[in-house]
Amino acid sequence: MSVSRRLSHAQSVTWLSKTVLLSLLYYAAQILPLHAEETWVDLTHSFSESTIFWPTETGFRLVRGANKTTAKGYYYAANRFSTAEHGGTHLDAPRHFSASGQTADAIPLRNLIGEAAVVDVSAACATNPDYQVTIDDLMNWETANRQQLVGRIVLLRTGWSQRWPNRLTYLGTDQWGPSAVKHLHFPGLSPTAAQWLVDHRRPRAIGIDTASIDHGQSTDFAAHVNLCGANVPIFENVANLDAVPSTGVFVIALPMKIAGGSGGPLRIVGRISTDHRPNGE
Ligand SMILES: [Zn+2]
């Protein structure tokens with residue numbers, strides 16, 4: 001009797017241990033992947049006095065306000081800032097180059113959030129700062145990844161963000177004012193490729209890691225005109241595109257919601273899927 005009782009006690013202890021262990025494993029399996037598999041990349045340059053703006057714009061200004069412990073014992077800080085809509089990592093709302101285009105507050109959220117297609121043209125741009133991304137470049141991405149750009153947030157990786165925040169190497173000139181514009185040199189999207197995207201692929205949005213979707217030497221801004229005319233939002237001065245793979249990046253790009261705005265400061269981030277880490281691509 002006492003033996004069988006002892007056995008039964010031992011068995012129940014074993015059963016309890018197994019149950020606790022299995023429960024722990026179950027909950028670990030529920031929780032751990034959420035932390036282990038999520039990799040987020042910030043595709044945004046910080047706003048500061050060194051933020052790069054177009055030569056004809058005024059830069060970002062932060063006016064420091066309160067910054068102290070109050071008489072009541074709590075700490076309090078509050079600043080003011082001013083900025084042009086178009087500078088640093090920012091949105092070009094379709095209204096920027098289209099009188100009937102959507103303003104910043106009117107862009108549907110579905111255009112700002114979605115799967116990215118990162119098109120790498122950095123090799124061509126390294127030897128030609130005036131490079132314009134071609135239809136072939138875009139189709140090469142489709143061939144290599146066996147997918148179309150339809151419904152994607154297309155991000156053009158020229159490699160230019162590595163030059164940030166050096167205005168001379170990033171823009172091609174460190175001069176300010178209207179006379180500096182003719183000295184701008186950096187890659188962009190060709191107007192023909194922009195129109196091809198609009199007509200045949202309908203991307204959610206398009207972004208680039210240079211100061212403008214039109215290359216620096218453009219004088220008619222035709223890529224802007226073609227994209228804005230079709231209500232395709234544009235993201236400019238995107239950062240860290242060299243840290244994300246060509247596919248498997250889910251992008252969230254939420255600009256400041258300026259009523260009637262032609263653009264505005266943008267916070268853009270990307271979540272990389274586990275099986276698409278850059279070094280495992
Ligand atoms: Zn812009």
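In which sense do S9 and strand S10 pair, and over how many bridges? The two strands pair in the parallel sense, over two bridges. This is a predicted model. The protein chain has six helices and 12 strands. Of its 281 residues, 36% count as buried. Among contacts with a separation of 6 or more, 75% join residues 24 or more positions apart.

**Strand S9 and its partners**

- S7 and S9 run parallel and are joined by four bridges.
- Valine 154 has isoleucine 206 of S9 as its bridge partner.
- Isoleucine 206 in turn has a bridge partner in S10, isoleucine 234.
- From S9 the chain passes through H6 to S10, and this β-α-β crossover is right-handed.
- In a regular strand, side chains alternate between the two faces of the sheet.
- In S9, Ala205 and Gly207 point one way, while Ile206 and Ile208 point the other way.
- All four of these S9 residues are buried.

**Nonpolar cores**

- The largest nonpolar core has 45 residues.
- Within this core, Val119, Val154 and Leu155 touch the most other members.
- Leucine 155 is in contact with Ala116, Ala117, Val118 and Val119, and also with Gly207, Val238 and Leu241, leaving aside neighbours within four places in sequence.
- A second, separate core has nine residues, including Ile52, Phe53, Leu184 and Phe186.

**Helix H5 and its cover**

- Helix H5 spans residues 191–201.
- Its buried residues are Pro191, Ala193, Ala194 and Leu197.
- The strands that cover these buried residues include S6 (132–133), S7 (153–157), S8 (188–189) and S9 (205–208).
- Helices H3 (135–145) and H6 (222–228) are also among the elements covering them.
- Alanine 193 touches Val133, Thr134, Ile135 and Leu138, not counting residues up to four places away in sequence.
- Threonine 134 is 59 residues from alanine 193 in sequence, yet their C-alpha atoms are 5.5 Å apart.
- Arginine 202 follows H5 and has a positive phi, near 45 degrees.

**Isoleucine 213, in a loop**

- Isoleucine 213 sits in the loop between S9 and H6.
- Not counting residues up to four places away in sequence, isoleucine 213 touches Gly188, Leu189, Ile206, Ile208, Ala223, His224, Leu227, Ile234 and Glu236.
- Ile206 and Ile208, two of these contacts, point the same way from S9.
- Ile234, another contact of isoleucine 213, is the S10 bridge partner of isoleucine 206.
- Isoleucine 213 and alanine 194 are 19 residues apart in sequence and 9.3 Å apart in space, C-alpha to C-alpha.

**Glycine 270, in strand S12**

- Glycine 270 belongs to strand S12, which covers residues 263–272.
- Is glycine 270 buried or exposed? Glycine 270 is buried, because 25 other C-beta atoms lie within 10 Å.
- Its contacts are Val41, Leu43, Ala116, Val244, Val249, Phe250 and Val251, not counting residues up to four places away in sequence.
- Ala116, one of these contacts, is also in contact with leucine 155.
- Glycine 270 and phenylalanine 250 are 20 residues apart in sequence, with 5.3 Å between their C-alpha atoms.

**Backbone features in loops**

- Tryptophan 164 and proline 165 are joined by a cis peptide bond, with omega about 0 degrees.
- Proline 165 lies in the loop between S7 and helix H4 (167–171).
- Arginine 146 has a positive phi, near 50 degrees, and is not a glycine.
- Arginine 146 is in the loop between H3 and S7.
- Arginine 146 is exposed, since its count is 7 other C-beta atoms within 10 Å.
- Asparagine 240 also has a positive phi, near 60 degrees, in a residue other than glycine.
- Asparagine 240 is in the loop between S10 and strand S11 (249–255).
- With 19 other C-beta atoms within 10 Å, asparagine 240 is partly exposed.

Technical notes. Residues numbered from 1 in each chain as written. Predicted model: local features only at pLDDT ≥ 70, side-chain atom pairs only at ≥ 80, totals over all residues. Buried ≥ 20, exposed ≤ 12 C-beta atoms within 10 Å, placed from the backbone. Contact = placed C-beta atoms within 7 Å. Core = buried A, V, L, I, M, F, W, Y, C linked by C-beta atoms within 7 Å. Pairing = 2+ DSSP bridges. Right-handed = clockwise from strand over helix to strand, strands pointing away.
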